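Biologist: I would like to learn how to read the sheet, the helix packing and the ligand shell of a model. Could we take them in turn?

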Amino acid sequence: MEFRTLGRTGLKVSVMGIGTGGPSNFGQSTGVPEKDVIRMVHRAIDLGINFFDTSAAYRESEVILGRALRNVGREKVVLATKFHAAPDSIVISPEEVIASVDRSLKRLDVETIDIMQFHGVDPGDYRRIMDAHMPTVIKLNEQGKFRFLGISETYSRDPRHDMFAMALKDDMFDSAMVGYSMISPTAKKAVLPECLNKNVGVICMVAVRRALSKPDILMQRISDAKKRGLIARDSVPDEDPLGWLLRDHVKSLPSAGYKFAAAHPAIGTVLTGTANIEHLEANVAAILGPPLPSEDMIRLNSVFGEVWEPLGN
Ligand SMILES: NC(=O)c1ccc[n+]([C@@H]2O[C@H](COP(=O)([O-])OP(=O)(O)OC[C@H]3O[C@@H](n4cnc5c(N)ncnc54)[C@H](OP(=O)(O)O)[C@@H]3O)[C@@H](O)[C@H]2O)c1
C-alpha cells in the first residue's frame, strides 16, 4: 500500500480508502449480505487500507463498520464520519449535533473519531451552519469526541464548488471531501490548489460512481453533454466514449477513474464505494499500478477540463 499524509491532520492514510455510502451504501442498497461486507473490510485491511469513511446518514453503515473493525486494533485504522447539519436546509439544533456525534461514537464502538465532517454542505446553507454550530463542534473537539474537523460538499448540487470557496477562506477545516473525477475534474481548478496551499487534507469522492461503472449511464451522460454543448460532438465517440483509455495496464474504466484521482498531488486518499471484494482487489491493484499515460491525461483535460457540471455522479 502507498500511504500519504492527509494535510494538516498529519495522519498517514492509505491512498485508497473505503467509503460506506454512495450507490451501494456498504452493500445495503445492492443486497450484499453483511458477512460479505465484513469479509471485504478484512480484505481491505490485509491489502493495507487504513482509511474508512462513513456517516450518520448511511443507514446502518456505521454499525456494520463498527462490527467489522471489532477485532482490528483501533490504532490500525483512521475513521471518518459525518453529520448532516441542515437536512433540507433546516439547520438542526446544537443538541441534535451533540446527539449525532454521540450516536456515531456508540455505533462505531470507539472512544474517539479521527475526523468528524459536516456532511454535504450546500453553499446556500454554509454560513448559517457555521454560525449555528462552530461553538458546539469546537466544544466536542475539546472533549475529545473527535480529533480533526472536516467538511464535504454536495457535489451534484454544487458543481462550481462554491461551498469550498467559503470554507477554504474561513480556514477552519483540517480535511475536505471533494468530488473529483475524469469527467468532472473542475475541483482541480476550484478547490485542490487552495487545499495544497492551506495544507488541508483531501479525501476524494465520486472518482468512479455510476458514470464510470455503468457503460449505459456513461453513454447517456456523454450524449446529453454533447447535446447541451458542454463537450464537442467530435471530442469522444458516441459508442463506448472512453474506450480509448483501455489499453496496457488500464483494464477498466473504474481502474482508470481511481488512477486519475490518485494522480493529483493534493489528494490524500481516494475513496472506493465498492461493496464487492473482487472490485476492491482490482481497484487497489489499479491505484497502486502505473498512472494513466500523460497523453490520455491531456486528452481528458481538453475534453472535460471546463465542464462545470456534475457529469460523473
Ligand atoms: N457528500 C458526501 O459527503 C458524499 C457524497 C458521495 C460519496 N461520499 C463518500 O464517498 C464514498 C465513495 O463515493 P462513491 O460511492 O461515489 O464511490 P465510487 O468508488 O466512485 O463509486 C462506487 C460505485 O462504483 C462501483 N464500482 C467500484 N469499483 C468497481 C469496479 N472495479 N468494477 C465495477 N464497478 C465498480 C460500485 O459498485 P460495486 O459495489 O458493485 O463495486 C459503486 O456502485 C462513499 O461511499 C461515501 O463514503 C460522500
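The dialogue below goes through the sheet, then the helices, then the ligand.

Modeller: This is a predicted model, in which local features need pLDDT of at least 70 and side-chain atom pairs count only at pLDDT 80 or more, while totals for chains, interfaces and linings use all residues. Residues are numbered from 1 along each chain as its sequence is written.

Biologist: Which strands make up the closed barrel, and with which pairing?

Modeller: Strands of a sheet pair through backbone hydrogen bonds, either parallel or antiparallel. Here 8 strands close a barrel with parallel pairing, in the order β3-β4-β5-β6-β7-β8-β9-β10. Neighbouring strands of this sheet are turned against each other by 30 degrees on average, direction ignored. Strands (E, at least two residues) and helices (H or I, at least four) are DSSP runs numbered from the N terminus, and two strands pair if DSSP finds at least two bridges between them.

Biologist: Over how many bridges do β9 and β10 pair?

Modeller: Strand β9 (residues 201–205) and strand β10 (residues 267–272) are joined in the parallel sense over 3 bridges. Valine 202 has isoleucine 267 of β10 opposite it. Helix α9 (residues 253–262) packs on the sheet, where it touches β3 (16–19), β9 and β10, and its direction makes about 160 degrees with that of β10. Contact between two residues requires C-beta atoms, placed from the backbone, within 7 Å.

Biologist: At what angle do α9 and α10 pack?

Modeller: Two packed helices are described by the angle between their axes and the distance between the axes. Axes are lines fitted to C-alpha atoms, for helices over the stretch in contact, and angles run from 0 to 180 degrees between N-to-C directions. For α9 and helix α10 (residues 277–288) the angle is about 45 degrees, and the axes are 8 Å apart. The contact uses Pro254, Ser255, Tyr258, Lys259 and Ala262 of α9, and Ala282, Asn283, Ala286 and Ile287 of α10.

Biologist: Where else do helix axes cross?

Modeller: Helix α2 (residues 61–68) and helix α3 (residues 94–108) cross at roughly 40 degrees, their axes coming within 7 Å. Glu62, Val63, Leu65 and Gly66 in α2 meet Ser104, Arg107 and Leu108 in α3.

Biologist: Which residues are closest to the ligand?

Modeller: A residue is near a molecule if its C-beta atom, placed from the backbone, lies within 6 Å of it. The ligand is surrounded by 30 residues, the closest being Gly19, Gly22, Ser152, Gly273 and Thr274. At least two residues of the shell come from each of β6 (113–121), β10 and α10. Helix α10 gives the most, with 3 residues.
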